[in-house]
Amino acid sequence: MSKIRVLADHVANQIAAGEVVERPASVAKELVENSIDAGAQRITIEIEAGGRRLLKVSDDGEGMVRDDAILAFERHATSKIRGTDDLAAIGTLGFRGEALASIASVAKVELTTCTEAAKAATRVTIDGGRMRDVKDAAHPRGTTIIVRDLFFNIPARRKFLRAEATETFHLTNLVTHYALAHPEIAFTFVNNGREVVRAAPAKDLRERAYQIFGEEFLENLLEVNSGDSQVARVTGYVSAPRDRRTSRDAQYLFVNRRFVRDRMIGRSLSEGYRSILPHGVYPAALLFIETPLEEVDVNVHPAKTEVRFRRSAAVADAVREAVRAALASANFVPPPEPPPIPEPTMTATASVSSFIPQPRIEFVPPPTPPPRFEAPVEASGEEIARDLEVMLQSVSKSVSSVLPAPLPPLNSAEKFAREITPESLNANIRPLGQLEESFIIATDDEGLLLIDQHVAHERVLFDKYRALETERRVESQQLLVPETFDLTPAQAAVFDELAPEFENYGFELMRLSGRTVAIKATPADLPSGEARNMLAELLDTVDVEKKSRTRETLRDEIAASLACHAAIKVNMPLAPEKMRWLIDRLLQTSSPTTCPHGRPVILRLSTRDILKGFHRI
Ligand code: ADP
Ligand code: MG
């Protein structure tokens with residue numbers, strides 16, 4: 001007997017749903033894309049309980065006639081392509097014809113739709129893939145789909161859904177993406193009955209970004225426009241380097257107005273900021289990449305959030321250069337240099353010499369490489385490394401013949417001035433002065449100390465805030481005039497969850513209408529101008545994804561951020577008494593040698609190393 005069977009449709013649909021429907025936000029994505037494909041001018045998204053209980057998308061698009069409304073739920077039912085030829089150039093967001101079938105197989109779905117010409121609207125009800133009812137209904141031109149109880153029939157999948165705040169965050173992020181990609185369409189987003197986004201049709205991206213993020217965000221944006229190019233045209237906005245974020249959450253990337261998650265684009269974006277943003281800090285970006293349809297394959301992932309470029313290196317270059325040019329036109333980086341003339345063949349010599357630290361060879365005429373340096377192109381990695389070593393030796397030998405003493409290795413400062421361990425810390429610290437108005441120079445029994453004044457104060461404040469919070473003795477200062485500020489939709493999604501925690505530290509916050517928040521009081525010590533920066537930063541970075549995040553770590557994060565914002569800054573002159581005070585307080589903390597973010601607070605240059613340096617031992 002043969003053992004191969006063709007799966008029943010409802011089984012196949014549930015399997016497909018595993019790929020298409022990952023979470024409520026992926027359902028919303030498919031529905032919103034369908035609305036856009038239907039030519040909607042106005043799209044409304046409503047959710048309850050993070051989209052698990054209810055997810056409703058209404059549009060005023062072209063609608064469907066009754067037969068189509070029923071057919072739409074069949075697997076591989078699509079109006080967007082007809083044959084494989086069409087796959088080469090897809091201009092619509094959908095085309096696989098499996099979204100509605102997949103969604104309907106794992107939820108309770110009600111679709112009501114009406115075309116311009118139809119006399120009555122049609123309502124189709126489907127539960128877990130079974131068609132329950134088709135009847136007339138009232139609905140203006142357009143379509144409304146209500147998806148209830150996602151995964152009601154697949155308990156295993158339901159278990160994988162995250163906390164309501166997490167799912168809401170993803171949904172908000174998704175709506176924000178589509179609202180940015182389609183400024184001409186009006187978007188409304190309602191979460192548990194509260195309107196979070198209401199954006200009227202806008203004339204361009206800038207106006208839409210203003211509607212969603214507010215004025216302040218816009219002030220920090222630089223325009224990107226690569227001009228026309230064969231492979232990819234890059235337009236949009238990136239943030240000025242002063243706007244720093246610790247996650248990629250504020251990066252909105254699109255390929256042919258399709259929202260994508262693409263590491264390559266994110267990386268090229270960061271490369272554009274090379275040398276002006278430190279590692280681990282990300283810019284905000286709204287970047288649109290437009291390529292001819294045949295340059296990109298959107299059919300590589302069921303949810304279509306990944307794309308494949310035919311010439312991905314060229315796209316990466318285009319993104320990096322466009323970002324770089326935007327930064328250059330605002331004078332953040334020097335104007336781009338003409339591209340280097342590519343070397344026809346890579347010889348071992350060429351590749352090795354580019355690794356030689358430049359400042360050293362400036363002292364001497366370029367060394368003649370040893371004969372075996374003319375290694376053939378196929379020199380192995382090991383051979384090249386060995387040759388490099390020989391060459392470096394010959395360079396430093398020639399340098400030493402010119403200079404009185406051999407140059408110390410490049411990272412010598414790090415080697416001599418060491419992070420100090422808690423055990424070697426002693427109470428006998430005497431401040432002498434400041435270096436660059438940022439580091440306190442001091443001595444102790446074992447040598448010379450450099451204390452980073454900002455992180456030292458951060459440590460002091462962190463311990464203080466944590467202690468006060470635990471003892472429920474917060475100190476706050478009332479603001480004479482409450483300061484108001486607007487949350488971004490993503491910040492609004494986590495605000496209600498975090499507000500009580502902020503209040504434990506002495507904030508008094510009040511949510512006004514929509515996404516506006518008033519700060520009525522701030523923790524003592526926190527300069528009032530820092531309050532809203534600090535709140536915005538925490539709302540942006542607190543990782544709603546991290547399931548393991550406990551209240552304790554959240555409180556630590558708040559205390560650390562508070563400490564950072566309230567602490568003495570670098571480039572600030574300190575009177576001798578203030579230095580003494582800071583050192584005394586630092587020594588009383590739980591961990592005087594590391595700051596709450598894990599950076600060292602004190603470096604020591606030991607007396608022994610000093611003696612060695614002067615050749616006294
Ligand atoms: P795809 O979008 O890949 O074609 P879907 O399963 O998402 O597949 O939708 C199936 C079909 O249902 C679409 O091709 C379209 O013709 C129709 N449809 C779905 N949603 C809407 C809508 N909001 N308005 C009009 N037609 C729709
Ligand atoms: Mg679709």
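Biologist: Which residue in β6 does Asp59 stand opposite?

Modeller: In this predicted model, Asp59 stands opposite Thr143 of β6.

Biologist: How do you know that β2 and β6 are paired strands?

Modeller: Pairing requires at least two bridges between two strands, and 6 bridges join β2 (residues 54-59) to β6 (residues 142-148), so these two strands, which run antiparallel, count as a pair.

Biologist: What makes β5 and β8 the edge strands of the sheet?

Modeller: The open sheet has 8 strands in the order β5-β4-β3-β6-β2-β1-β7-β8, with mixed pairing, and β5 (130-137) and β8 (194-199) each pair on one side only. From one strand to the next, the twist averages 10°.

Biologist: Which helix lies across β1, β2, β6 and β7?

Modeller: That is helix α2 (residues 24-37), which runs at about 10° to β2 while lying across β1 (42-48), β2, β6 and β7 (186-191).

Biologist: What describes the packing of α18 and α19?

Modeller: Helix α18 (residues 528-541) and helix α19 (residues 551-566) pack at an angle of about 145°, their axes being 10 Å apart, and α18 passes α19 in a right-handed crossing. Contact is made by Glu530, Asn533, Met534, Glu537 and Leu538 from α18, and by Glu557, Ile558, Ser561, Leu562 and His565 from α19.

Biologist: How many residues of each class does that contact of α18 with α19 have?

Modeller: The contact has 4 nonpolar, 3 polar and 3 charged residues; Met and Leu count as nonpolar and Glu as charged, so Met534 and Leu538 belong to the nonpolar class, and Glu530 and Glu537 to the charged one.

Definitions and conventions:
Residues are numbered from 1 along each chain as its sequence is written. Chains are lettered from A and ligands numbered from 1 in the order in which they are written. This is a predicted model: local features need pLDDT of at least 70, side-chain atom pairs count only at pLDDT 80 or more; totals for chains, interfaces and linings use all residues. Side-chain values use heavy atoms; hydrogens and water are left out. Helices (H or I, at least four residues) and strands (E, at least two) are DSSP runs, numbered from the N terminus. Axes are lines fitted to C-alpha atoms, for helices over the stretch in contact, and angles run from 0 to 180 degrees between N-to-C directions. Contact means heavy atoms within 4.5 Å. A crossing is left-handed if the near helix is turned anticlockwise from the far one by less than a right angle, and right-handed if clockwise.
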